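Here is a short briefing for a reader who is new to this structure. Take a look at the model, then read the points below.

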Amino acid sequence: MAGPIEALIGGALIGAAAAGMLLVNGRVAGISGILARAVRPGGAPWQWAFVGGLILAGLAARLWGIPTPDAFALHPASLLIAAGLIVGIGTRIGSGCTSGHGVCGIANLSPRSLTATLVFMAVAAATVFVMRHLV
């Protein structure tokens, strides 16, 4: 589990990356939107590089011995893939993901992003409560 210093550094890096993306490309660093545009015909190379960087960072962390979440060891890959697909469907329904709404949208004072973030945080809290206390 990351401590407060690691969390602060990680949050600062995410914020800096989101600000850099907006300054350099004029685009919000919403991962679901970037992935959706990358897989369409004519996807830009930077979109593939962005998605590839997310994957390679996780693989590099594992190769360097950085601990991974327990879910990777405790659950089969098929369950994790299914969970990822369900999250993907949710981001499509919600017109964005935590990075687009929670990081960039709230920073831009978007009422839609504030509403979306409140909803997905409430659902996440309810899910954790159910899984830890009722199941």
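Ile89 is exposed, because its relative accessible area of 53% is over the 50% cut-off. This residue lies in helix 5, which covers residues 77–93. Ile89 and Val39 are 50 residues apart along the chain, and their C-alpha atoms are separated by 15 Å. The model is a predicted one.

**Overall build**

- The protein has seven helices and zero strands.
- Along the sequence, the pattern reads α-α-α-α-α-α-α.
- Taken along the principal axes, the C-alpha atoms fill a box of roughly 45 × 40 × 35 Å.
- Of the 135 residues in the protein, 16% are buried.
- Take the contacts with a separation of 6 or more: residues 24 or more positions apart account for 32% of them.

**Helix 2 with helix 3**

- Two packed helices are described by the angle between their axes and the distance between the axes.
- Helix 2 spans residues 31–39, and helix 3 spans residues 45–63.
- They pack at an angle of about 125°, and their axes lie 9 Å apart.
- Helix 2 and helix 3 cross in a left-handed way.
- On the helix 2 side, the contact involves Ile31, Ile34, Leu35, Arg37, Ala38 and Val39.
- On the helix 3 side, the partners are Trp46, Gln47, Trp48, Phe50, Val51 and Leu54.
- Sorted by class, this contact has ten nonpolar, one polar and one charged residues.

**Helix 6 with helix 7**

- Helix 6 runs over residues 98–107 and helix 7 over residues 111–134.
- Their packing angle is about 130°, with 9 Å between the axes.
- Helix 6 is therefore oblique to helix 7.
- The crossing of helix 6 past helix 7 is left-handed.
- Helix 6 contributes Thr98, Gly100, His101, Gly102, Gly105 and Ile106 to the contact.
- Helix 7 contributes Arg112, Ser113, Leu114, Ala116, Thr117 and Phe120.
- By class, the contact of helix 6 with helix 7 holds four nonpolar, seven polar and one charged residues.

**Inside helix 7**

- What span should helix 7 have at 1.5 Å a residue? Its 24 residues should span 34 Å, and its end C-alpha atoms are 33 Å apart, which agrees.
- Which residues of helix 7 are buried? They are Ser113, Ala116 and Thr117.
- These buried residues pack against helix 6.
- Thr117 is placed in helix 7.
- With a relative accessible area of 11%, Thr117 is buried, because that value is under 20%.
- Leaving out residues up to four places away in sequence, Thr117 touches His101, Gly102 and Ile106.

**The loop between helix 6 and helix 7**

- Leu109 sits in the loop between helix 6 and helix 7.
- Is Leu109 buried or exposed? Leu109 is exposed, with a relative accessible area of 72%.
- The phi angle of Leu109 is near 60°, a positive value in a residue other than glycine.

Definitions and conventions: Residues are numbered from 1 along each chain as its sequence is written. This is a predicted model: local features need pLDDT of at least 70, side-chain atom pairs count only at pLDDT 80 or more; totals for chains, interfaces and linings use all residues. Side-chain values use heavy atoms; hydrogens and water are left out. Axes are lines fitted to C-alpha atoms, for helices over the stretch in contact, and angles run from 0 to 180 degrees between N-to-C directions. Helices (H or I, at least four residues) and strands (E, at least two) are DSSP runs, numbered from the N terminus. Angles under 35 degrees count as roughly parallel, over 145 as roughly antiparallel, 65 to 115 as roughly perpendicular and the rest as oblique. A crossing is left-handed if the near helix is turned anticlockwise from the far one by less than a right angle, and right-handed if clockwise. Contact means heavy atoms within 4.5 Å. Ala, Val, Leu, Ile, Met, Phe, Trp, Tyr, Cys and Pro count as nonpolar, Asp, Glu, Lys and Arg as charged, and the others, Gly among them, as polar. Buried means under 20% relative accessible area, exposed over 50%, partly exposed in between (1.4 Å probe, protein chains only). The expected span of a helix is 1.5 Å times one less than its number of residues.
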